[in-house]
Amino acid sequence: MDIFDRLKATAAADWASYVEHDFVRQMGDGSLPQAAFRAYLVQDYLFLIQFARAYALAAYKSRTLADMRAAKAGLSAILDLEMDLHVRLCGRWGLSPEQLEAAPEHQATVAYTRFVLDCGVSGDLLDLHVALSPCIVGYAEIGARLAGELGPALDDHPYRDWIGEYAGQAYQQVARDARRHLDALAARAMTEARFSELAALFGQASKLEADFWQMGLDMPRA
Ligand SMILES: Cc1ncc(CO)c(N)n1
């Protein structure tokens, strides 16, 4: 069992509230209203801008080149891979990257991103990577699960671009690397006494992910 599986098992209920959220279920069966998906995706763009800062902070907090390269990989996954999806999908709805960047941040976006940034500022590199891990590994898990359930039906599914992106080779590899790096970091920096603190951070980040999905469901109705 790697550190990620241990964290997930310890924060099992919070993890389930995230990866099995109604938003995810509705995205999978195609019943998610497009307005909810749009509201979510615009906020997710703002979320990614803050997460890019969190990876830059991880580079700053790195004392080894290996840690710095892992932070750089996270930063480029956001700037060079993931954000393209948002720009492409929002472009179809007539939204430019400038308009996305200028959108007001929802409280759920502020809460989650600033929580993670604070974990990095007040803690060390392990705290920061633990707080970041539900994001990257969770989306890889959700994407792979939905793609697996849909099989060939993914081809003409309303959310095929999103599911395909997170189930795709490139993203899956980023998540595997992030998971391996977290394990190496824990082997170096974690004491058993610290584990419950880290599990609490992990559980909190998972809850904030669930709140982020919920924001997507609630916003069009607000
Ligand atoms: C809210 C959220 N969590 C995780 C990811 C995956 O990077 C994302 N794009 N957005």
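The model is predicted, so local features need pLDDT of at least 70 and side-chain atom pairs count only at pLDDT 80 or more, while totals for chains, interfaces and linings use all residues. Residues are numbered from 1 along each chain as its sequence is written.

Let's begin with helix H1, residues 3-10. Helices are DSSP runs (H or I, at least four residues), strands are runs of E with at least two, and both are numbered from the N terminus. A residue is called buried if 20 or more other C-beta atoms lie within 10 Å of its own, exposed if 12 or fewer, and partly exposed in between, with C-beta atoms placed from the backbone. In H1, the buried residues are Ile3, Phe4, Leu7 and Lys8. They cover an arc of only 135° around the axis, which puts them on the same side of H1; the arc is that of the directions from the helix axis to the C-beta atoms. Asp5 and Ala9, on the other side of H1, are exposed. The buried residues of H1 pack against helices H2 (12-19), H8 (125-150), H10 (169-189) and H11 (192-218).

Next comes the ligand. Its shell (C-beta atom, placed from the backbone, within 6 Å) includes Asp44, Cys135, Tyr139 and Glu209. Helix H4 (34-60), H8 and H11 each give at least two residues to this shell.

| Residue | C-beta neighbours inside 10 Å | Class |
|---|---|---|
| Tyr139 | 20 neighbours | buried |
| Pro97 | 13 neighbours | partly exposed |

Pro97 belongs to helix H6 (residues 97-102). From C-alpha to C-alpha, Pro97 and Ala193 are 45 Å apart in space and 96 residues apart in sequence.

What about the core? A nonpolar core is a set of buried Ala, Val, Leu, Ile, Met, Phe, Trp, Tyr and Cys residues joined through C-beta atoms within 7 Å. The largest one has 65 residues, and Leu128 is among those with the most contacts inside it. Leaving aside neighbours within four places in sequence, Leu128 is in contact (C-beta atoms, placed from the backbone, within 7 Å) with residues including Ala54, Leu57 and Cys119.

Finally, an unreviewed UniProt entry places the feature "domain: Thiaminase-2/PQQC" at residues 15-218. That span is 84% helix and 0% strand, and its end C-alpha atoms lie 21 Å apart.

Terms used
Two residues are in contact if their C-beta atoms, placed from the backbone, lie within 7 Å. UniProt positions are given in the numbering used here, feature names are shortened, and annotations may be inferred rather than shown by experiment.
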